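Please prepare a short briefing on how this chain is put together.

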Amino acid sequence: STQIHLASRPTGWPTDANFSTVTVELPELLDGEIRVANEFLSVDPYMRGRMNDAKSYAAPYALNEVMTGGAVGRVVASRADGFNVGDPVLHQLGWRDVTQGAASNFRVVQEINGLPLSIHLGILGMTAFTAYVGLLEIAGMKSGDTVFVSGAAGAVGSTVGQIARLKGAKRVIGSAGSAAKVELLTQKYGYDAAFNYKDGPVREQLHAAAPEGIDVYFDNVGGEHLEAALDAFNPGGRGALCGAISVYNSTEAPVGPRNMSNMVTRGLNLKGFTVGNYTEHYPAFMADMSQWLNQGKIVFDETIVEGLDNAVDGFVDLMRGANTGKMVIKL
Ligand code: NDP
């Protein structure tokens with residue numbers, strides 16, 4: 001099995017030097033174990049936090065151990081009941097071509113005609129579940145709300161905008177980092193208005209796109225975006241704090257929103273969440289999302305980077321915004 005290990009902890013942006021490629025001989029399968037050949041690995045922004053030696057909701061990656069994370073593949077050998085050669089499975093064992101272990105580490109996933117297994121990392125997986133829980137449970141979006149989404153062309157953001165539309169939002173506004181992404185937001189993902197945050201101050205661009213203010217903010221970015229949203233909120237506004245990618249690689253202390261007092265004067269409710277704590281909503285998510293996909297009511301994009309050798313580059317490219325929709329590594 002060929003694996004990518006974390007060799008040293010990055011300061012600022014990760015580089016190839018922080019990782020190593022290691023090949024190990026796999027032992028014979030024990031009773032109750034399966035072996036899986038991976039087809040797609042997930043690269044996700046939260047992985048940057050786990051590369052630091054800092055206390056967080058997920059433990060730091062150990063040095064000289066494999067980079068773990070979501071992956072999908074097929075069973076190539078099985079000594080476990082309920083797993084047959086060829087079955088598609090999802091697991092969290094990460095950045096390696098072949099993996100094996102106790103069957104309890106793996107879950108058989110549904111195959112959907114004509115769609116690659118990577119959907120279980122994106123539109124039927126963790127990122128879309130994050131969008132669903134964050135928008136509907138954490139922010140409590142209701143029909144008639146004006147909704148603003150940052151990071152709107154990414155895996156989570158492109159799904160949030162479409163769910164908001166399906167759930168009767170009055171107006172959905174998104175921001176992203178290129179003209180091509182901004183066009184996709186309005187042409188493909190159901191956004192009513194969109195802007196490129198690199199074109200000028202977010203506060204001004206948001207005000208132009210939402211002159212009557214916003215009721216819900218789904219925050220993937222933090223920093224300047226969060227401060228702008230705090231200024232744009234209508235009284236009683238609600239926010240889901242999902243991520244703050246603008247500061248993940250920063251070596252300086254972030255500049256906090258300077259207008260938090262708007263929470264008091266406007267009675268705002270901002271709530272942070274990590275999706276792993278909301279698994280009770282998973283069945284509802286799967287039911288809704290499968291139906292929306294079948295009915296063609298939800299679309300999605302994936303950006304595919306080929307080869308385990310390019311996993312690190314794919315991860316860094318994700319952090320830089322090279323992706324549209326879900327970034328995956330194809331083996
Ligand atoms: P994305 O697919 O959205 O990829 C990351 C995107 O972030 C890039 O494509 C880039 O797009 C954007 N970006 C990078 N730097 C900046 C910046 N300085 N300012 C604004 N945008 C930037 O990733 P995900 O959909 O997987 O994740 C989106 C967010 O959700 C992240 O913050 C992540 O940590 C969070 N998350 C949280 C979870 C939770 O449980 N709370 C679970 C899953 C994800 P662009 O070209 O537009 O700049």
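**Domains and packing**

The centres of domain 1 and domain 2, taken over C-alpha atoms, are 29 Å apart. This is a predicted model, in which local features need pLDDT of at least 70, side-chain atom pairs count only at pLDDT 80 or more, and totals for chains, interfaces and linings use all residues. Residues are numbered from 1 along each chain as its sequence is written.

**The two domains**

- Domain 1 covers 2-121 + 301-330, and domain 2 covers 126-276; the bounds come from an automatic or database domain assignment.
- In the contact between them, 16 residues of domain 1 meet 15 residues of domain 2 (contact: C-beta atoms, placed from the backbone, within 7 Å).
- On the side of domain 1 that touches domain 2, five residues are nonpolar, eight polar and three charged (nonpolar: Ala, Val, Leu, Ile, Met, Phe, Trp, Tyr, Cys and Pro; charged: Asp, Glu, Lys and Arg; polar: the others, Gly among them).

**Helices H5 and H6**

- Two packed helices are described by the angle between their axes and the distance between the axes.
- The axes of helix H5 (residues 202-209) and helix H6 (residues 223-232) come within 9 Å and cross at roughly 45 degrees (axes are lines fitted to C-alpha atoms, for helices over the stretch in contact; angles run from 0 to 180 degrees between N-to-C directions).
- H5 and H6 are therefore oblique to each other (under 35 degrees counts as roughly parallel, over 145 as roughly antiparallel, 65 to 115 as roughly perpendicular, and the rest as oblique).
- Val202, Arg203, Leu206 and His207 of H5 touch Glu224, His225, Ala228, Asp231 and Ala232 of H6.
- This contact has four nonpolar, two polar and three charged residues.

**The sheet**

- Six strands form an open sheet in the order E10-E9-E8-E11-E12-E13, with parallel pairing (helices, H or I of at least four residues, and strands, E of at least two, are DSSP runs numbered from the N terminus; two strands pair if DSSP finds at least two bridges between them).
- Strand E10 (193-196) and strand E13 (269-272) are at the edges with a single partner strand each, so one side of each has no neighbour in the sheet.
- Strand E12 (residues 233-241) pairs with E13 in the parallel sense over four bridges.
- Ala240 has Lys271 in E13 as its bridge partner.
- Helix H3 (residues 155-166) packs on the sheet and touches strand E8 (146-149), strand E9 (171-176) and strand E11 (214-219).
- Helix H4 (residues 179-187) lies across E9 and E10, at about 170 degrees to E10.

Note on methods
Contact = placed C-beta atoms within 7 Å.
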